[in-house]
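Subject: Handover of a structure

Dear colleague,

I am passing on to you the structure shown below.

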Amino acid sequence: MTSVRDEYRLEDIARDHSIGAAMFVPLVIVRLRGHAGATEALLTARLRDVIKAGETRHLLRLSWSAESIPNRPLGVHERTATEWAACGIACVVMSLYTGLRVRHVTGDGDRFDYWVGDGDHEYGLEVSGTMTDDVEARHRLKVRQLRENPYGVDGYVVIVGFATREVIFSFNRFGEVAL
Amino acid sequence: MSSMRRQGLDVAFETEEARKSSLMLEAQLLRERGQDEAAADKFAQAAEIEGSLSEVCEEKGLIEKSFVHRFSAASCWAQAGDFYHAIALCDELLARTDLPELVRRRVSDYVHTLRTRRAQWYAELTLKG
């Protein structure tokens, strides 16, 4: 198993994706900062069938500008803050490891949250965040959900464990049964 | 890999696709903050855009992608509180013979939920009246 150190500037998600991802930046900072003035965080990214078959581990250093640190309450519920912070991290790993853009938001009941793609093709992206250590169980659940999408497309699942500082990022084929 | 085709879409389409996504995210944020009127307004704007995106996809032969945007338009109207337009769009989709079976099932479930909610809402209005 390899361990590679990758770097990304959080604010770049606004440039790299088409969905107005800037709104996720303060939420990511609040969920990841170790202390009020922190401007970086380290995460372990576990990639499954992304880039190459099987699992690879990457050490990811995420940095942000001091100006991006929110100086007032975010005004969202804790659960929403966690989910949207995970969406911000999903934008980061999509850029770093696939080069695909998060292109648009899905409607109700599409079984995933976003459409991602290049100029020619789109895939699903399901994202979830947790403040507990249940990342593997959450990942299994979300993979099953994505594989039941009504459009029959393959897709990605990103699960962010903020307590354990880890990200599971997997590519999954439509309809395939998980072992 | 199994994917949704999006070949031949121009920058103008991408700009509108991005705009509706921002509107939907802003609407969710506003609803989260209890600003329901402002959220409904954003969802209605997103629904109009989704309807136009669906038409563009259909003109370009991207039929499956047109279904994605048409169903999303219905869902945005529902979230804006407009059952009438939401149900009409779902019925339009269900009338198509080329709608894939899985999408048909999903739209059918969704419109059933909308009709159930509408019936509950009518009953509540009648009780209050």
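Of the 179 residues in chain A, 45% are buried. Please note that this is a predicted model.

Chain A contains four helices and eight strands, and from the N terminus on these elements follow the order β-α-α-β-β-α-β-β-β-α-β-β. The radius of gyration of chain A is 15 Å, close to the 16 Å given by the globule rule for 179 residues, so the chain is as compact as a globular protein of that length. Its C-alpha trace spans about 45 × 35 × 30 Å along the principal axes. Among contacts in chain A between residues at least 6 apart in sequence, 66% join residues at least 24 apart.

The largest nonpolar core comprises 80 residues, and Phe24(A), Ile89(A), Ala90(A) and Val158(A) have the most contacts inside it. Helix H3 of chain A (residues 78-97) gives the most to this core, namely eleven residues. Leaving aside residues up to four places away in sequence, Ala90(A) touches Leu125(A), Val127(A) and Val158(A).

The contact between the chains takes 27 residues from chain A and 28 residues from chain B. On the side of chain B that touches chain A, H1(B) gives the most, with ten residues. The residues of that side divide into eleven nonpolar, ten charged and seven polar. The two chains are also linked through strands: S6 of chain A (residues 121-130) and S1(B) run antiparallel and are joined by two bridges. In S1(B), Arg5(B) is the bridge partner of His121(A).

Yours sincerely

Key: Residues are numbered from 1 along each chain as its sequence is written. Chains are lettered from A and ligands numbered from 1 in the order in which they are written. This is a predicted model: local features need pLDDT of at least 70, side-chain atom pairs count only at pLDDT 80 or more; totals for chains, interfaces and linings use all residues. A nonpolar core is a set of buried Ala, Val, Leu, Ile, Met, Phe, Trp, Tyr and Cys residues joined through C-beta atoms within 7 Å. A residue is buried if 20 or more other C-beta atoms lie within 10 Å of its own, exposed if 12 or fewer, and partly exposed in between; C-beta atoms are placed from the backbone. Two residues are in contact if their C-beta atoms, placed from the backbone, lie within 7 Å. Ala, Val, Leu, Ile, Met, Phe, Trp, Tyr, Cys and Pro count as nonpolar, Asp, Glu, Lys and Arg as charged, and the others, Gly among them, as polar. Two strands pair if DSSP finds at least two bridges between them. The radius of gyration is taken over C-alpha atoms; the globule rule is 2.2 Å times the number of residues to the power 0.38.
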